[in-house]
Amino acid sequence: MNRRLVLAGNVIADLVIEVPALPERGGDVIGTRTETTAGGGFNTLVAARRLGTEAVFAGLHGTGRRGDLVREALAAEHIVPLLPARTDGDTGFTVALIDGGGERTFVTSFGVEATLTRSDLDAVAARLRPGDLLQLSGYGLVLPGNGPLLSAFTAGLPADITVCLDPAPLVADIPEAVLTPVLARTDWLSANAREARLLSGHEDPRAAATALRDRLAPGAGVLVRADKDGCWLAAPGEAPVHVPGFPVQAVDSNGAGDAHVGSFLALLGQGHDPLTAARGANAAAAYAVTRSGPATAPNRRELARFLGDDPVAHRLFGRRP
C-alpha cells in the first residue's frame with residue numbers, strides 16, 4: 001500500500017536570510033547568508049516524495065520568476081502540479097529570518113495563490129483518487145477569499161480521502177466559521193506546540209493533544225510537534241503518548257515542521273501504524289534541521305542510516321532501506 005499525498009495549499013518562494021539575531025524594533029542587522037528557494041508546502045511534498053510516496057501539488061502558481069522557480073523545483077523532485085499556471089500574476093514569497101540558534105521568523109506576501117476560485121477546486125476534486133492523503137494548511141484557510149472556499153471543499157470531500165490539517169503560525173487569525181467545518185472533517189491534525197496552545201488553550205502538549213482530539217470527529221488523531229523533544233501522539237481511540245525525538249545540533253530549522261508532516265503522512269500512507277510513522281517523522285525532522293538550505297528531508301536510505309540500530313528502522317525498512 002502506498003497512497004498519494006495531495007497538497008491543497010501553497011508552494012511559494014522563500015527568501016531565506018541568516019542573521020546573528022533578530023533586530024530590535026526599528027533596528028537593523030546584517031545577514032550572513034541569503035538564498036531564494038521554493039518553500040511553503042514544497043517541503044511537505046518533498047519529504048513525502050523522498051520516502052517513496054507519490055506527491056502532487058494542487059495549489060496555484062503564477063507566471064513570473066517566482067512561479068518559474070516553483071515549477072522548476074517541483075519538477076526536480078518529480079512532483080506534478082494539478083493546475084495550470086495562472087497568467088494574471090506571479091507566485092508569492094516569504095521572508096524567512098533564521099537566527100544564530102536555528103530558529104526561524106517569517107513575513108509572508110501572497111501572490112496568485114491568494115486568488116483561489118471555486119472552479120480551481122472543482123478541477124482538483126475531479127482529479128482526486130480514492131485513498132488520497134489531502135494536506136491542508138492554515139495559510140490557505142486564513143485568506144479572506146480562499147478560506148471559505150477551502151472550508152466548503154474540505155467539508156464535502158468523500159470519506160475515502162484522508163484529510164490532514166497543519167494549522168500554521170497564523171491559526172489564531174482563521175475565522176471560526178472557516179475552521180470549524182475543516183476540523184469536523186480532519187482525520188489528522190498536526191500542530192507545533194505554539195499552534196496547539198492557541199487552538200486548545202493548554203500549555204502542556206499532552207493536555208493540548210487531548211483537547212484538540214476532542215474537537216475532531218470520532219476516529220481522528222492529533223500530533224503535537226515539540227521540536228527536539230519529539231511529539232505527542234493522540235492516535236484514534238488511544239491515550240496520548242510521548243514519542244521521543246532525536247537530539248541533534250540544529251543548523252537550520254526552516255521547514256522542519258513540514259518535513260515532519262510530509263514524512264508522517266508518507267509513512268502512514270505506506271501502511272505503517274501511527275506510532276511508527278510518528279517516530280519515523282521525528283527522525284526525518286531531526287535529520288532535516290542538521291542541514292542548511294531548502295527541502296532537507298531525507299530519502300529512505302538517508303533516514304535508515306540516520307536511524308541506525310533504532311528499533312523503528314527495522315519496522316520501517318526491514319533489513320534493507
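A residue is called buried when its relative accessible area is under 20%. By that cut-off, helix H1 (residues 42-50) is mostly covered, with seven of its nine residues buried. The model is predicted. The points below cover this helix, the sheet and the nonpolar cores.

**Helix H1**
- The buried residues of H1 are Phe42, Asn43, Thr44, Leu45, Val46, Ala47 and Ala48.
- Gly52 follows H1 and has a positive phi, near 95°.

**Sheet**
- An open sheet of nine strands runs in the order S5-S4-S1-S8-S9-S10-S11-S12-S13, with mixed pairing.
- Strand S5 (80-81) and strand S13 (241-243) are its edges, each pairing on one side only.
- Three antiparallel bridges link S13 to strand S12 (residues 231-234); Val243 in S13 is the bridge partner of Cys231.
- Helix H9 (residues 256-269) packs on the sheet, where it touches strand S1 (5-7), strand S8 (133-137), strand S9 (162-166), strand S10 (188-192), strand S11 (221-225) and S12.
- The direction of H9 makes about 145° with that of S11.

**Nonpolar cores**
- The largest nonpolar core contains 42 residues, and Leu128, Leu134, Leu136, Leu165 and Val222 have the most contacts inside it.
- Helix H6 (residues 176-185) supplies the largest share of this core, four residues.
- Another core, of 31 residues, lies apart from the largest one and has Val261, Phe264, Ala277 and Ala304 among its members.
- Beyond its neighbours within four places in sequence, Val222 is in contact with Trp188, Leu189, Ala209, Leu212, Arg213, Leu216, Trp232, Leu233 and Ala234.

Definitions and conventions. Residues are numbered from 1 along each chain as its sequence is written. This is a predicted model: local features need pLDDT of at least 70, side-chain atom pairs count only at pLDDT 80 or more; totals for chains, interfaces and linings use all residues. Side-chain values use heavy atoms; hydrogens and water are left out. A nonpolar core is a set of buried Ala, Val, Leu, Ile, Met, Phe, Trp, Tyr and Cys residues joined through side-chain atoms within 4.5 Å. Buried means under 20% relative accessible area, exposed over 50%, partly exposed in between (1.4 Å probe, protein chains only). Helices (H or I, at least four residues) and strands (E, at least two) are DSSP runs, numbered from the N terminus. Contact means heavy atoms within 4.5 Å. Two strands pair if DSSP finds at least two bridges between them. Axes are lines fitted to C-alpha atoms, for helices over the stretch in contact, and angles run from 0 to 180 degrees between N-to-C directions.
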